[in-house]
Amino acid sequence: ADLGDRVMTAAIRTAGLVKRYGATTAVAGVDLEIEARQIFGLVGPNGAGKSTTFRILLGLQKPTAGQVQVLGEPMTAERADIRRRIGYLPTNPSFPKYMTPIQFLEFVGSVIGMSQDRAKVQLSRLLQAVDLTNAASQKIEGFSTGMMTRLGIAAALMNDPELLILDEPTSGLDPAGRKQTIELIRELTGRDRTIIIATHILGDVERVCTDVGIISGGRLIYTGPMSEMRRLARHGTITVEIEGNTTAFEQQIPLLDEIGSVTWERVGSEYRIAFLGEEQLPVYIHRVLDLVDRTGVDLLHFNTGEDEIEEAFLRRLEEDRTRGFLRAAAWAASQDITGAKDEIDAGIPGHPAL
């Protein structure tokens with residue numbers, strides 16, 4: 001597709017985006033469209049191409065092929081005017097350890113051309129927003145990973161950007177730090193800006209993002225609303241914690257659906273039951289509760305749905321790998337057929353080899 005022929009209303013549009021490093025392809029023909037004011041999650045394992053895609057969107061790397069438009073304009077290395085409208089948090093950010101947060105954010109303000117007065121007002125507001133006011137005059141040298149991440153978010157917001165790009169913002173954080181960072185990002189979502197978050201932690205995407213893209217091997221294999229991603233997880237997983245006559249409960253688990261479509265594992269008093277059949281999840285929930293009733297066990301805990309996004313994501317990746325194997329097999333078969341045809345054609349007088 002030619003982006004020049006389209007009315008640019010999205011924050012991000014790419015067409016046929018490719019980036020190669022020698023024989024290695026980091027990004028392989030990505031067509032991406034992110035509407036303004038979306039909270040978009042770019043999800044994929046490490047090495048999938050997320051950070052490379054971001055560097056291209058920022059004009060820090062030139063694509064091998066394809067087109068890129070950011071905030072309605074073609075993005076190149078020379079477009080510093082566009083970059084001034086973008087905030088960026090790299091993975092595991094590092095800062096001058098001898099500086100304090102105030103000094104560093106003042107430095108960021110000077111780099112982007114802010115007046116000293118405006119920079120002081122902005123950094124004061126941001127340090128409060130990211131909960132670093134009490135550490136504002138401390139040297140960065142002693143900061144934890146979570147504090148460094150929050151300072152990085154503050155720095156990315158100094159220019160009040162229209163587009164905010166966060167590359168693995170919860171990387172290296174403990175559960176409390178992840179929770180605090182996600183809550184901070186959620187607070188930013190009400191503003192008039194577009195936010196893109198790259199992560200391999202699917203729970204973070206589910207809590208914050210309105211839309212999601214899945215990238216694998218440099219290719220975008222899914223993009224759409226988060227609600228649709230949830231619907232991809234047709235096959236549900238139900239976890240129950242029970243006490244009592246668990247033997248009778250276990251014996252009847254395979255009968256909850258057709259033979260072979262139910263798998264389960266037990267950890268202590270907890271049973272994790274996965275349904276691979278054609279029924280919708282509410283049907284399976286009813287059957288499990290009915291089994292609890294029939295066997296007379298005591299139900300201590302019942303949970304479903306928390307892993308649906310991850311399972312759907314993994315299923316997408318597995319389907320993609322399978323298609324890749326099939327494509328490779330088909331290509332190999334076609335080569336064998338072509339080679340055989342060449343040999344036959346070469347042996348027939350008056351019939352030139354192809």
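Here are some exercises with worked solutions on the predicted model shown above.

**Exercise 1. Work through the salt bridges: how many does a search of the whole structure find? Then describe some of the pairs.**

Solution. 
- Step 1: The search of the whole structure finds eleven salt bridges.
- Step 2: One of them pairs the side chains of Glu33 and Arg13, at 3.0 Å from N to O. Glu33 belongs to strand β2 (residues 24-35) and Arg13 to strand β1 (residues 10-21), so this pair ties together parts that are 20 residues apart in sequence.
- Step 3: Check the cover on each partner. Glu33 counts as partly exposed because its relative accessibility is 32%, whereas Arg13, at 5%, counts as buried.
- Step 4: Move on to Glu250 and Arg266, whose side chains meet in a salt bridge of 2.8 Å, N to O. Here distant parts of the chain are linked: Glu250 is in helix α9 (residues 246-252) and Arg266 in strand β12 (residues 262-267), 16 residues apart. Glu250 has a relative accessible area of 22%, so Glu250 is partly exposed. Arg266 is partly exposed too, at 41% relative accessibility.
- Step 5: Next come Asp257 and Arg287, with a salt bridge of 3.4 Å, N to O. Asp257 sits in the loop between α9 and β12, while Arg287 sits in helix α10 (residues 281-295), and 30 residues separate the two. The cut-off for buried is under 20%. Asp257 is at 15% relative accessibility and therefore counts as buried, while Arg287, with a relative accessible area of 24%, is partly exposed.
- Step 6: Glu73, Arg79 and Asp81 are linked in a network of salt bridges.

**Exercise 2. Describe the largest pocket: which residues lie nearest its centre?**

Solution. 
- Step 1: The volume of the largest pocket is about 520 Å³.
- Step 2: Its lining is made by 22 residues, and those nearest the centre are Ile86, Tyr88, Val108, Ile112 and Ala155.
- Step 3: Assign the lining to elements. Two or more residues each come from α2 (80-83), β6 (86-89), α3 (101-111) and α5 (145-156).
- Step 4: Inspect a residue of α5. Thr149 lies in this helix and counts as buried because its relative accessibility is 4%. Apart from neighbours within four places in sequence, Thr149 is in contact with Leu89, Pro93, Pro169, Leu173 and Thr181.

**Exercise 3. Examine helix α1 and then Ser115: which residues of α1 are buried, and what does the side chain of Ser115 reach?**

Solution. 
- Step 1: Helix α1 (residues 50-57) is mostly covered, with six of its eight residues buried.
- Step 2: Name those buried residues: Lys50, Thr52, Thr53, Phe54, Ile56 and Leu57.
- Step 3: Look just after α1, where Gly59 has a positive phi of about 75°.
- Step 4: Go to the loop between α3 and α4 (116-129), where Ser115 lies. At 43% relative accessibility, Ser115 is partly exposed.
- Step 5: Follow the side chain of Ser115 to the backbone nitrogen of Arg118, reached at 3.2 Å.

Conventions: Residues numbered from 1 in each chain as written. Predicted model: local features only at pLDDT ≥ 70, side-chain atom pairs only at ≥ 80, totals over all residues. Heavy atoms only, no water. Salt bridge = Lys/Arg side-chain N within 4 Å of Asp/Glu carboxyl O. Helix = DSSP H or I, 4+ residues; strand = E, 2+ residues; numbered from the N terminus. Buried < 20%, exposed > 50% of the residue type's maximum accessible area, 1.4 Å probe, protein only. 1 Å grid on protein atoms, 1.4 Å probe; cavity = no way out; pocket = protein on both sides within 12 Å on 5 of 7 lines; lining within 4 Å. Points joined across faces, edges and corners; volume = space filled by probe spheres on them. Polar contact = N/O pair within 3.5 Å; in protein donor to acceptor, adjacent residues only side chain to side chain. Contact = heavy atoms within 4.5 Å.
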